[in-house]
Amino acid sequence: MKAEQLWMEELMKEKFLLQEQLSDEKVRVKNMQMKLTEVESALSDWKQKYSEMQREYRAYVAKVEANGFKYLMINLKKWIKNNYLLLLLVALAVWVIYLLYQLFFMLF
C-alpha cells in the first residue's frame, strides 16, 4: 500500500512537471508565432517598398529613354559649367600647340 502511494505521488509529481513543461512550451511556441508574424509583416512591407522602388526606377528609365537627348544635353551643360576652367585650359593648350606647329613649318 505504501509503495503504491509513493508510486502515485511520483506519478503526480511527474504529471505536474510535464504540465509545467507543456505550459512553458506553449508560451515559447506563442512567442515564436508572434515573432514569425512580425517577420512576415516586415517582409510584406519590404516587398511593397521594393515593388514601389522598381516602379519608380522603370518610370525613370522610361522617362530617360523618351527624353534621352534632352537629359544628355542637360548633363553635358552641367559638366561644362562645372569644368569650364579645365576646358579653357585644354583649348588654350591646343591653340598654343597649333601656333607652334604653324610657326615651326613657317620657319623651315
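Arg28 and Glu25 sit three residues apart, about one turn, in helix α1 (residues 2-66). They form a salt bridge, with the closest N and O atoms 3.1 Å apart. This is a predicted model, where local features need pLDDT of at least 70, side-chain atom pairs count only at pLDDT 80 or more, and totals for chains, interfaces and linings use all residues. Residues are numbered from 1 along each chain as its sequence is written, and side-chain values use heavy atoms, with hydrogens and water left out.

**The salt bridge**

- The term salt bridge here means a side-chain nitrogen of Lys or Arg within 4 Å of a carboxyl oxygen of Asp or Glu.
- By that rule the count comes to one salt bridge.
- Side chains of opposite charge can pair when their charged atoms come close.
- Arg28 is partly exposed, with a relative accessible area of 47%, and Glu25 is partly exposed too, at 38%.
- For these labels, buried means under 20% relative accessible area, exposed means over 50%, and partly exposed is in between (1.4 Å probe, protein chains only).

**Overall build**

- The protein has three helices and zero strands, and from the N terminus on its elements run α-α-α.
- Helices (H or I, at least four residues) and strands (E, at least two) are DSSP runs, numbered from the N terminus.
- A compact globule of 108 residues would have a radius of gyration near 13 Å, but this protein comes in at 40 Å.
- That radius is taken over C-alpha atoms, and the globule rule is 2.2 Å times the number of residues to the power 0.38.
- Along its principal axes, the C-alpha trace spans about 135 × 35 × 20 Å.
- Of the 108 residues, 0% count as buried.
- The accessible surface comes to about 10,900 Å², and 67% of it belongs to carbon and sulfur atoms.
- Accessible areas come from the Shrake-Rupley method with a 1.4 Å probe, and for residues only the protein chains shown count as cover.

**The loop between α1 and α2**

- Asn67 is found in the loop between α1 and α2, and it counts as partly exposed at 30% relative accessibility.
- The C-alpha atoms of Asn67 and Ala93 are separated by 35 Å, with the two residues 26 apart along the chain.

- A search of the whole structure finds three aromatic pairs.
- One of them is Tyr101 with Phe105, an edge-to-face pair at 4.7 Å centre to centre and 70 degrees between the planes.
- Tyr101 and Phe105 are separated by about one helical turn, because they are four residues apart in helix α3.
- Phe104 and Phe105 also form an edge-to-face pair, at 5.6 Å centre to centre with 80 degrees between the planes.
- Rings of Phe, Tyr and Trp (its six-membered ring) pair if their centres lie within 6.5 Å; planes under 30 degrees apart count as stacked, over 60 as edge-to-face and the rest as tilted.
- Tyr101, Phe104 and Phe105 form one aromatic cluster.
- Tyr101 is partly exposed at 47% relative accessible area, Phe105 is partly exposed at 48%, and Phe104 is partly exposed at 45%.

**A nonpolar patch**

- A nonpolar surface patch of about 1,300 Å² includes Leu89, Trp95, Tyr101, Phe104 and Phe105 among its residues.
- Phe104 lies in helix α3 (residues 84-107).
- Patches are made of residues with over 30% relative accessible area and no salt bridge: like charges are joined within 9 Å, and nonpolar side chains (Val, Leu, Ile, Met, Phe, Trp, Tyr) within 5 Å.

**Confidence**

- The mean pLDDT is 89, and 99% of the residues reach 70 or more.
- Confidence is lowest in helix α2 (residues 68-82), at a mean of 84, and highest in α3, at 91.
- pLDDT is the predictor's confidence in each residue, from 0 to 100.
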